[in-house]
Every structure is written in structure tokens, then in C-alpha cells.
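Open the structure in your viewer and keep the selection panel at hand. The stops below go from the whole chain to single residues.

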Amino acid sequence: MGRLLSHRLAVPLVIALLVVALSFAMPSNFYYRVAALVWISALAVIGLNLLMGYAGQVSLGHAGFFGIGAYAVAVLPAQFGLHPLVAALLGAFATAALAFLVGRPILRLKGHYLAVATLGFGILIAMTISNEAWLTGGPDGMPVERLTLFGWRVRGADTWYWITGGLLVIGAWIACNLVASPTGRALRALHDSEVAARVAGIDVARAKLTVFVISAVYASVAGSTLALLNGFVTPDKANFLHSIELVTMVVLGGMGSVLGSLAGAAILVVLPQVLTGFHDYEHMILGLIMMVIMIVLRAGIVPSLAALFKGRWKK
Amino acid sequence: MTATTPLLEVSEIGIAFGGVRAVDNVSFSARPGEVFSIIGPNGAGKTTLFNLVSGIYRPKSGSVRLAGEPVTALEPNRLAERGLSRTFQNLQVFFRMTARENVMVGRHLREQRGLLAHLFALPSTGRQNRESAAVADALLERVGLAALADMPAANLPYGALKRLEIARALAAEPKVLLLDEPAAGCNPVETEEIEKLIRKIADDGVAVVLVEHDMKLVMRISDRILVLDQGRMLAEGSAAEIRSNPKVIEAYLGTHGTREANLALD
């Protein structure tokens, strides 16, 4: 038990140290910006990992929730003059409510059926955002009002680095808390055996709905943060390609690993930047690297490396 | 409740799969402190009967009462709330979790629920985790797995997993415990330990319903035995009555196998 409790605090602590340490190694604003994008993606991926890696339920529609969060901070201040933070909060609530309503019927499905149903749901949201051009600007997107806190205009890549890094640490802390709690044990249990979980008294349908809503809120908060950072939103972040990207980050980094979520996000955000020098071959090389990682580290980057080091220790 | 009031009453329960009556009109009851065993040849419907009683299958006919209340066709988690727990013939272990965590899941209904407390690690959650861990450790000790508490369940040997399931079921503090072949795959020493364990569980006032293929174990431990054959009740009685029942001997090995049947049932 002691190990689990320390693990609960160790992971957010490691991430916090990483955020602080990296800040000393940033040569320019561009690097701050890329790092902030990693932190934001990692936040969404941690949420999705709670659903996929811990509870064993797939979602190919999480970009939809991401999109709701992003458009909440774009539309609500523009239409109703709300403060962006209030808008983000309302976006998170709306996302939770929607996930709750949709999750009930959808989470009865399993495996590939659940994947297709969530995929359809995500496409539905993306289409709505694209089509309601009077509200959302349609495929061209729309500007987002700059964030102002107590009269201070939030600007600059380094500022956003710290804000997003802080959010990531909080998100990781909450996720680790959940995993180590009775609710978290129920989620991990139903992943391995739904029938045994039910016999142990777990309301499986309710537990799945709970983690679906939580993971949707992570995506929504990440979406709001990205929109505020960019000062602009486009429908492509609600698109199903972005859903696939989030799932890829979960699997690449490691299912059921909060640190893995960060690793997966880091690779898929940073690599395309690094590989731009290869021009036409960029996507080929990226695909190749992803394939090699999955073949060599089949449990995902962090769990596979952890197992490898544990084996070394013992020898 | 007096010692003679049944905790579990199953009346004329039945289910059919594709026209085959897998369990047909079966009735039995189990009282607190007793070990009630269900035996029968392979395919007699023992596990199906367990699945009906524990809410995994919905019976086509008949009823189940738990501590006097009607509970027919309730979901397994609702039955768990009312005090029924079980183990599985084909292991249903949480393989990604440690032995201790497996047993802690068994405490689920006795744990505080507040989701916000869980998300923000309020002190109550820490207390709850420590309390569940302490109960789990005591139970692992009781089933002889204390040394393996931190081991992922995936790394445990078969016999240990059988005992882990018992510990997980006990964590819920059930009134009725269904054990589906707890001694399967165990060596004689382990079987003896499991026998002592089952006896102790019953002595604590739990109604234990046992499905088991090890006839020596069944004959030693059971207060009463129900024999199933092709989904129907063939006989019910004490070990001595069952052993000498010609219908039971015939069902087990046919009329030509009397000698082997005697060996099996002795």
C-alpha cells in the first residue's frame, strides 16, 4: 500500500519537476510554445487514458469534447460577453452533461461496437461545429478573446508554458488520486473482469459512465486552454483525426500510465516539428517511428521501459 | 434469525438454452453455519445453477430468496449488497492488479463513495484506502497468501488464485458464499487448507454453498449434499445417505461402474 500511495504523489511530482527543469533549457519562444502544446495534449491524453488504459473502454470521439471546450471559450465571450474562464467552466459543465447523456446508451456497447459508436458521436459534434457557421465561423474558425486575469493580459509563450504546465500537474495529480481510490480500483477491476466486478458489488454501468464523464471533462479543459493559447479556433481540433491522434498518444505512451500519457503526447507533438526538415518524407518517417516503437515497446513507451529497468535491477 | 432459518432459499428454479433444460425445477436451501454441497457429473448444471442464483443468468422459472427477501433475477451487484458473494470455476481475477488490490475490490460496498473525495484525495480517502488494505492483508493472511500481497495477480500460480478469489469474496463479509470448485487444481496439502478454511467460514455463520469435484473433500465437509444430473435433482441428504444411494452411483458411472463409483464417492 505504501508503494501505491507514494506512486500517487510521485508521478505528478516528477511531471512538476520536468516542467520546471525544462524551463531552464528553452532557447526561444518557439520552444516554449511547443512545450505548452505538449502539456495541453498530455492533459487530454491523461483523461482519455483513465477511460482506455484503466477502465478498458475505448473512445474515438474525444476530439468532440475537446472541440466543445475550445468553442466554449470562443463563442460564449463573443456572443454573451462572458469572461473566458467562466466560458471554460460552462464548457466543461456542458461537456460533462453531454457525456453523461450520450454515455448511458453508448457504454452498453463493447469493443469495436463502442469504438464505432463513439466515432460517430465525435463526427456529429465536428459536423455541427463546421455547419453552424453563423455561430462558429464554420470551417474557417473564429478568433478567441484574449484572456485577462484581474486586469493583467495573459500573453507570451513563456507565460502559457507555466499555465499549461500547472494545469497538467493538477490533471496528473487528480488522475493519480482517482486511480489509487476505491473508484479507481472499481474501474481497473471492471477492465479485467466485468462479471467479477459486478459480483464484488460494483455498479459497472455507473462506473463506466463516471470515468467517461471525467475523461470528457479533461478533453474539454484541454480544448479551452488550447483555444485561449492560440487566440483562434478551427473545427479540425474537433475532427475525428484528432480523436485518432489522442488514442494513438494513449497507446504509444502506455495504456494505464499517467507518465505514459505525457510521453505519448510529447512524441506526437514534438516529432512532427523535428521532422519538418525531411519535407515530403515527414509523415513517412513519423509513421515508421510509430510502428517501430509499438513493435519494440509493445506495452507502450513508459510501461515497457519500466518493465525493462525492473528486470535489469533484479539481475 | 434462528440457526434453522435458511439464508438462501432456491425454489423450482430453471433455465433452458436452445431447448435444452440446463437446470430444471431445482430447489434447495442453505442455512447459516452449514456447508451445502452440490455435486453431479460434468454438464449436470452445477455452474449454471450458481449463475442463476448469483444473478448472472436470468431464470426462466422459479425464485430465489436471500435472508427471507425475494431477490430473483436481481443484478449481481444488487445481490452483493444483500449479502451474496461467490467465486468462479474459470478464474475471474483482476490480473492487472496486485493480490492485495484484488481483495480490496471485494471491500467495494463497504467503502465510502464520494467521488470528489476520491478525485482530490481528501483525508477520508486515505483513511479508507488504509482501512481496506488492512482488511485485505488480514484476509490474505487467512488464506495463506500474505507473502504474495504485492505480487501482480497475473504472476500467481493457479492454486493461489483460487484462494485469492475466496479472500476477495470474504472481503464483502457475505451472508451466503457460493464456492465454485475451490479445490480444483490444488495439491493434497492445499486442499486440506481449503477444507479448514471453508469449515471456518461456515463456523462464522456464513451459509456456504459448494460445488466441488473432489468427492473426498465433499464427503468430509458437507452437512448436506444435493446431487444434480442433467439439470434435475437426483438426491439430497447427508454424505452417508448420498454415498449409499443407488441412483447416485448409477448417475456417476452407470450400472457397470459400481466399484469405481464407490471409489469415487468414498
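How many Å separate the centres of domain 1 of chain B and domain 2 of chain B, taken over C-alpha atoms? The separation is 29 Å. The model is a predicted one, and every stop on this tour refers to it.

**Stop 1: the domains of chain B**

Select residues 8–83 together with 174–265 of chain B for domain 1, then residues 94–158 for domain 2. Where the two domains touch, domain 1 of chain B contributes five residues and domain 2 of chain B four. On the domain 1 side of this contact, H2 and H7 of chain B each supply at least two residues. By class, that side has two nonpolar residues, one polar residue and two charged residues.

**Stop 2: chain B as a whole**

Along the principal axes, its C-alpha atoms fill a box of roughly 65 × 40 × 40 Å. Of the 266 residues of chain B, 48% count as buried. Take the contacts in chain B between residues at least 6 apart in sequence: 64% of them join residues at least 24 apart.

**Stop 3: strand E8**

Select residues 207–211 of chain B, which form strand E8. Are the residues of this strand mostly covered or uncovered? Strand E8 of chain B is mostly covered, with five of its five residues buried. In a regular strand, side chains alternate between the two faces of the sheet.

Strand E3 of chain B, residues 35–39, pairs with E8(B) in the parallel sense over four bridges. Within that pairing, B:Val35 has B:Val208 as its bridge partner. Strand E7 of chain B, residues 176–180, also runs parallel to E8(B), and five bridges join them. B:Val208 in E8(B) stands opposite B:Leu177.

**Stop 4: the contact with chain A**

Bring chain A into view. Which chain gives 36 residues to the contact, and which gives 24? Chain B gives 36 residues and chain A gives 24. On chain B, select helix H2 (76–81), strand E6 (84–86), helix H3 (99–106), helix H4 (115–119) and helix H5 (123–142); each supplies at least two residues of the side that touches chain A. Coloured by class, that side of chain B shows 17 nonpolar, ten polar and nine charged residues.

**Stop 5: B:Gly237**

Finish at B:Gly237, which is found in strand E10 of chain B, residues 232–237. Because B:Gly237 has 16 C-beta neighbours inside 10 Å, it counts as partly exposed. Leaving aside residues up to four places away in sequence, B:Gly237 touches B:Arg224, B:Ile225 and B:Ile242. For a distance check, pick B:Lys216: B:Gly237 and B:Lys216 are 21 residues apart in sequence and 16 Å apart in space, C-alpha to C-alpha.

Definitions and conventions. Residues numbered from 1 in each chain as written. Chains lettered and ligands numbered in written order. Predicted model: local features only at pLDDT ≥ 70, side-chain atom pairs only at ≥ 80, totals over all residues. Buried ≥ 20, exposed ≤ 12 C-beta atoms within 10 Å, placed from the backbone. Pairing = 2+ DSSP bridges. Contact = placed C-beta atoms within 7 Å. Nonpolar A, V, L, I, M, F, W, Y, C, P; charged D, E, K, R; others polar. Domains from an automatic or database assignment.
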